[in-house]
Amino acid sequence: MLIRNETVDDIPEIRAVVTEAMTMLAQSTGTEAQIIDRLREDKALALSLVAEDDGKVVGYLAVSQALVGAQDSWGLIGPLAVLPSRHGQGIGSTLIAETIRRLRMTFQGAVLVGDPRYYGRFGFRAYPELGVGAIPPEFVQALTFGVAEPRGEVIHHPAFGLKQHG
Ligand SMILES: CC(C)(COP(=O)(O)OP(=O)(O)OC[C@H]1O[C@@H](n2cnc3c(N)ncnc32)[C@H](O)[C@@H]1OP(=O)(O)O)[C@@H](O)C(=O)NCCC(=O)NCCS
């Protein structure tokens, strides 16, 4: 399996993989593929990684830049999606490991909204003053690369369509 940056030719496959994977997620809005398209159109994808196996896209991970309160330079991970027929084979973990490796070079940390039972294994955790709107705080998690403790509202790019005030 190869983890690499997306190319223009991957875009239809990325949409298909994300759409299929998100049918497995109860909290999915069904708009994740569109969010990625909007981020791309706005040149807001700081990272757009595909997992390729046997010439096919089997996993995908997006990173966009986020503010955490008054702190800039946070990498927001998501959406993350793996083709359901390929779950449990380490594809998601490999995408996250490569993302963390790359983000360390330019960001002060990574943040995401997701299941702590999954992301805890990569070192992500909730912080007392970290949040996103009315989302239960245990689902808002960060991994810091430096000394700064994440503090405040995670301001997503407008492509996510969240109602936020920072
Ligand atoms: C979450 C997802 C990306 C994981 O991808 P994956 O390639 O199957 O993950 P890995 O193979 O690296 O890891 C699998 C492990 O994670 C666990 N896991 C997966 N989703 C989990 C969740 N929501 N909560 C707890 N554990 C989870 C699996 O049980 C498995 O555990 P094991 O290692 O003890 O067997 C994939 O299940 C997916 O695309 N789900 C639908 C979309 C989604 O939920 N995206 C994340 C949104 S925050």
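User: How do the residues of the shell around the ligand divide into nonpolar, polar and charged?
Analyst: The shell holds 10 nonpolar, seven polar and three charged residues, where Asp, Glu, Lys and Arg count as charged, Ala, Val, Leu, Ile, Met, Phe, Trp, Tyr, Cys and Pro as nonpolar, and the others, Gly among them, as polar. This is a predicted model, in which local features need pLDDT of at least 70, side-chain atom pairs count only at pLDDT 80 or more, and totals for chains, interfaces and linings use all residues. Residues are numbered from 1 along each chain as its sequence is written, and side-chain values use heavy atoms, with hydrogens and water left out.

User: And which residues are the closest to the ligand?
Analyst: Of the 20 residues that surround the ligand, the closest are V82, G88, G90, G92 and S93, with a residue taken as near if one of its heavy atoms lies within 4 Å.

User: How far is an oxygen atom of the ligand from a backbone N or O atom of V82?
Analyst: That distance is 2.8 Å for V82, while for a backbone N or O atom of G90 the distance to a ligand oxygen is 2.7 Å. In the case of H87, an N or O atom of the side chain is 3.4 Å from an oxygen atom of the ligand.

User: How much of the ligand does the protein bury?
Analyst: The protein buries 68% of the 910 Å² that the ligand exposes when taken alone, with areas from the Shrake-Rupley method and a 1.4 Å probe.

User: OK, the pocket: how much space lies in the largest one?
Analyst: About 1300 Å³ lies in the largest pocket, and the space taken by the ligand is that pocket. A pocket here is an open set of points on a 1 Å grid where a 1.4 Å probe fits, with protein on both sides within 12 Å along at least five of seven lines, and lining residues have an atom within 4 Å of a point.

User: What lines the largest pocket?
Analyst: There are 42 lining residues, and M22, L25, L80, V113 and Y119 lie nearest the centre of the pocket. Strand β4 gives the largest share of the lining, seven residues, and the lining comprises 23 nonpolar, 14 polar and five charged residues.

User: Changing topic, is the peptide bond from G78 to P79 cis or trans?
Analyst: The bond from G78 to P79 is cis, with omega near -5°, and P79 has its place in strand β4. Most peptide bonds are trans.

Key
Polar contact = N/O pair within 3.5 Å; in protein donor to acceptor, adjacent residues only side chain to side chain. Sits in = over half its atoms within 2 Å of the grid points. Points joined across faces, edges and corners; volume = space filled by probe spheres on them. Helix = DSSP H or I, 4+ residues; strand = E, 2+ residues; numbered from the N terminus.
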